[in-house]
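Subject: A structure for you to explore

Hello! Here is the structure I promised to pass on, together with some notes on what turned up in it. Have it open while you read, and take your time.

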Amino acid sequence: MNKYVISLSALILAGACSSAVAQDNGAFFVNAGAGQSTYHLDAADGGNYAGDKTGTATALRLGYLWHGPVGIGVEGGYIDLGELHASLISGAVLEEASVRAKGWLLGATGKYHFADQWFVSARGGWLHASSDVDYRISTPVDSMSASSSANGDGWYGGVGVGYDFSDNVGLCVNYDNYHVKARTDDLSADANVGTWMVTAEYRF
């Protein structure tokens, strides 16, 4: 599955770059966002944990957008998806776990203006994620802890709506979904992490 995701991302990027042939105007951009993440676990080793599945998400992206009726561009960046906390009580045994996912992004982005300075946007592409897992088990007489890290290739996609205050500055509210994959010999887990973010962008 990973090779198909990467191939699709490459095709999107190639299509975005080819638009530069027909459109010679554009701008570099850098944007930063912050908001809330929510972990939706699809499949993971372990029991029926309960806990706080929300965290604080932050992102930094940069790229280039070619102007046109629909602006098309490329982007790369880094996302921190915050931390999931979970626990399970079984008799006198307490199990606690935390997962923190973060990763690098490479993809395509699009933007369509309406009503003068308002716009809608969309983006998607490849996500190389790293997940750090901390685990602790406690009993009335003893406790033990362990930690592990896993990497994997997934994907991301999202939409947004925003307002450009000028040719250089804009503000946007985005919803994005990140499909995080993490695999080692001891750990195998997939998760969809949804994020709501407010993003400020500067173009130059």
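Predicted model: local features only at pLDDT ≥ 70, side-chain atom pairs only at ≥ 80, totals over all residues.

Two strands count as paired if DSSP finds at least two bridges between them.

Let's begin with the strands. Strand 4 and strand 5 run antiparallel and are joined by 18 bridges. Across this pairing, E83 stands opposite R100 of strand 5. The hairpin that these two strands make has two residues between the strands, and G91 takes a positive phi there, near 65°. Next along, strand 5 pairs with strand 6, again in the antiparallel sense, over 21 bridges. F114 has W118 in strand 6 as its bridge partner. Three residues lie between the strands in the hairpin of strand 5 and strand 6, where A115 has a positive phi near 50°.

Now for the inside. Which residues have the most contacts inside the largest nonpolar core? They are Y39, I79, L81, L105, L127, Y178 and V180, in a core of 15 residues. Strands 3, 4, 5, 6, 8 and 9 each supply at least two residues of this core, and the largest share, three residues, comes from strand 4. Leaving out neighbours within four places in sequence, L127 is in contact with several residues, among them I79, L105, Y156, Y178 and V180.

The aromatic rings deserve a look of their own. How many aromatic pairs are there? The count comes to nine. In one of these, the ring centres of Y64 and W66 are 5.0 Å apart and the planes meet at 65°, so the pair is edge-to-face; the cut-off for that label is an angle over 60 degrees. Y64 counts as buried at 17% relative accessibility, and W66 counts as buried at 12%. Another pair, Y156 and Y178, is stacked, with 5.9 Å from centre to centre and 20° between the planes. Y156 lies in strand 7 and Y178 in strand 8, so this pair ties together parts that are 22 residues apart in sequence. Both Y156 and Y178 are buried. There is also a cluster linked by ring pairs, made up of F28, Y64, W66, Y202 and F204.

Is N174 buried or exposed? N174, which lies in strand 8, is buried, because its relative accessible area is 3% and the cut-off for buried is under 20%. The side chain of N174 makes a polar contact with the side chain of T199, at 3.3 Å. Beyond four places in sequence, the residues that N174 touches include S121, R123, V159 and W196.

Finally, go to G26, which has its place in strand 1. G26 counts as partly exposed, at 29% relative accessibility. Not counting residues up to four places away in sequence, G26 touches Y64, L65, W66 and H67. Where does the chain bring G26 relative to F204? Their C-alpha atoms are separated by 9.2 Å, although the two residues are 178 residues apart along the chain.

Happy exploring, and do write back with your questions!

Methods: Residues numbered from 1 in each chain as written. Heavy atoms only, no water. Core = buried A, V, L, I, M, F, W, Y, C linked by side-chain atoms within 4.5 Å. Buried < 20%, exposed > 50% of the residue type's maximum accessible area, 1.4 Å probe, protein only. Helix = DSSP H or I, 4+ residues; strand = E, 2+ residues; numbered from the N terminus. Contact = heavy atoms within 4.5 Å. Polar contact = N/O pair within 3.5 Å; in protein donor to acceptor, adjacent residues only side chain to side chain. Phe/Tyr/Trp six-rings, centres within 6.5 Å; stacked < 30°, edge-to-face > 60°.
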